[in-house]
Amino acid sequence: MPADTPSAGPLRAVMYHSVADTADDPYRVTVPPARLGKQLSLMRRCGLTGVSMERLLRARAEGKGAGLVGLTFDDGYADFVEHALPALLRHGCTATVYVLPGRLGGSNEWDPLGPRKPLLTEDGIRAAADAGMEIGSHGLLHTDLTDHGAVDAELLAAETARSRELLAAVIGSEVTGFCYPYGNVDARAADAVRAAGYRYAVAIDPGPLTGLFALPRVHVGSQDNAARLFLKYALHGRRRAPVPYGPYPELHESELPRVQEVPAP
């Protein structure tokens with residue numbers, strides 16, 4: 001791994017999953033649409049703008065990351081297009097959706113508890129991309145890449161490199177970001193993601209591996225009201241290791257998703 005250079009300040013990124021109204025949420029990963037709207041509105045009133053991870057990393061590399069928060073949605077639930085996307089556009093935000101090309105149109109079969117939730121189809125992924133959202137890979141099937149007993153070199157390559165190829169074919173453009181399933185990352189997984197051609201990868205709390213291929217995020221769940229969210233945001237820079245990263249690879253403007261700018265309320 002090449003030596004990284006320290007960034008000028010903590011990276012702010014939050015992690016959502018499903019956006020829907022439900023009483024059956026054993027993992028507490030489902031945020032009601034009304035609550036997401038309130039969170040985005042509050043964020044804008046505080047002078048913050050939610051952006052995709054690609055945009056956040058490029059801005060930080062240029063010294064322009066102040067006031068930006070990376071918004072990410074894991075697992076690629078179909079309710080993203082129905083509930084999250086309209087709220088994001090209404091508040092002038094973008095986000096990154098990490099999807100599973102091996103489960104397109106399927107469901108969250110990796111969760112032993114709770115209801116089966118539909119995942120995005122190819123059409124849903126393209127709708128999100130066309131609306132200005134970044135599409136990233138979450139692997140093929142939501143496999144824990146740190147389980148060395150179950151994930152050999154061939155499966156690791158499929159989960160990283162093959163998933164990137166499949167997603168690029170769906171959206172017709174390069175896929176630059178990867179999200180480790182369950183947030184679990186080790187050196188072998190990070191090396192595989194880098195070798196697969198991604199520009200960055202996100203985890204949850206990667207500890208000593210923190211860097212461009214193991215970026216920390218704050219989880220936002222069903223119980224996070226405004227007070228809890230502010231507390232998580234305030235403590236994020238203290239509880240997570242500072243994010244070191246080298247010069248971020250530049251992307252041509254034509255490759256970047258576009259979203260209409262909306263003034264803060």
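Why is helix α2 (residues 53-61) largely enclosed by the rest of the structure? Seven of its nine residues are buried, so the rest of the structure largely encloses this helix; buried here means under 20% relative accessible area, exposed over 50%, and partly exposed in between, with a 1.4 Å probe and protein chains only. The views below come from a predicted model, in which local features need pLDDT of at least 70, side-chain atom pairs count only at pLDDT 80 or more, and totals for chains, interfaces and linings use all residues. Residues are numbered from 1 along each chain as its sequence is written, and side-chain values use heavy atoms, with hydrogens and water left out.

**Figure 1. Overview of the protein chain.** The protein chain contains seven helices and 10 strands, where helices (H or I, at least four residues) and strands (E, at least two) are DSSP runs numbered from the N terminus. Of its 265 residues, 52% count as buried. Contact means heavy atoms within 4.5 Å, and among contacts between residues at least 6 apart in sequence, 68% join residues at least 24 apart. The mean pLDDT, the predictor's confidence in each residue from 0 to 100, is 87 for the chain, and 81% of the residues reach 70 or more. Over residues 1-7 the pLDDT is below 50, and this stretch has 14 contacts in the model beyond near neighbours in sequence. Residues 252-265 also have pLDDT under 50, and the model gives them 26 contacts beyond four places in sequence. Where pLDDT is low, the predicted coordinates should not be read in detail.

**Figure 2. Helix α2 and its surroundings.** The buried residues of α2 are Met53, Glu54, Leu56, Leu57, Arg58, Ala59 and Arg60. They pack against the strands β1 (13-16), β4 (49-51), β5 (68-73), β6 (96-99), β7 (134-137) and β9 (200-202). After the helix comes Gly63, with a positive phi near 75°.

**Figure 3. The largest nonpolar core.** A nonpolar core is a set of buried Ala, Val, Leu, Ile, Met, Phe, Trp, Tyr and Cys residues joined through side-chain atoms within 4.5 Å, and the largest one in this model has 63 residues, with Met53, Leu71, Phe80, Leu88, Tyr180 and Tyr200 having the most contacts inside it. Helix α3 (residues 79-90) supplies the largest share of this core, five residues. When residues up to four places away in sequence are not counted, Tyr180 touches His138, Leu145, Val185, Ala189, Ala190, Val193, Ala201, Val202, Ala203, Phe213 and Ala214. In soluble globular proteins, nonpolar side chains tend to be buried together.

Figure 4. Arg12, placed in the segment before β1, is buried with a relative accessible area of 18%. Although Arg12 and Val69 are 57 residues apart in sequence, they are 5.2 Å apart in space, C-alpha to C-alpha. Met43 belongs to helix α1 (residues 33-45) and is buried with a relative accessible area of 11%. Between Met43 and Val69 there are 26 residues of sequence separation and a C-alpha to C-alpha distance of 9.1 Å. Apart from residues up to four places away in sequence, Met43 touches Leu48, Thr49, Gly50, Val69, Leu71 and Cys93.

**Figure 5. Ser107 in its loop.** Ser107 lies in the loop between β6 and α4 (122-130), and with a relative accessible area of 14% this residue is buried. Leaving aside neighbours within four places in sequence, Ser107 is in contact with Arg116, Lys117, Pro118 and Leu119.

**Figure 6. Two loop residues with positive phi.** Arg28, in the loop between β2 (18-19) and β3 (30-31), is a residue other than glycine with a positive phi, near 55°. Arg28 is partly exposed, with a relative accessible area of 47%. His142, in the loop between β7 and α5 (153-171), is likewise a residue other than glycine with a positive phi, near 65°. His142 is buried, with a relative accessible area of 6%.
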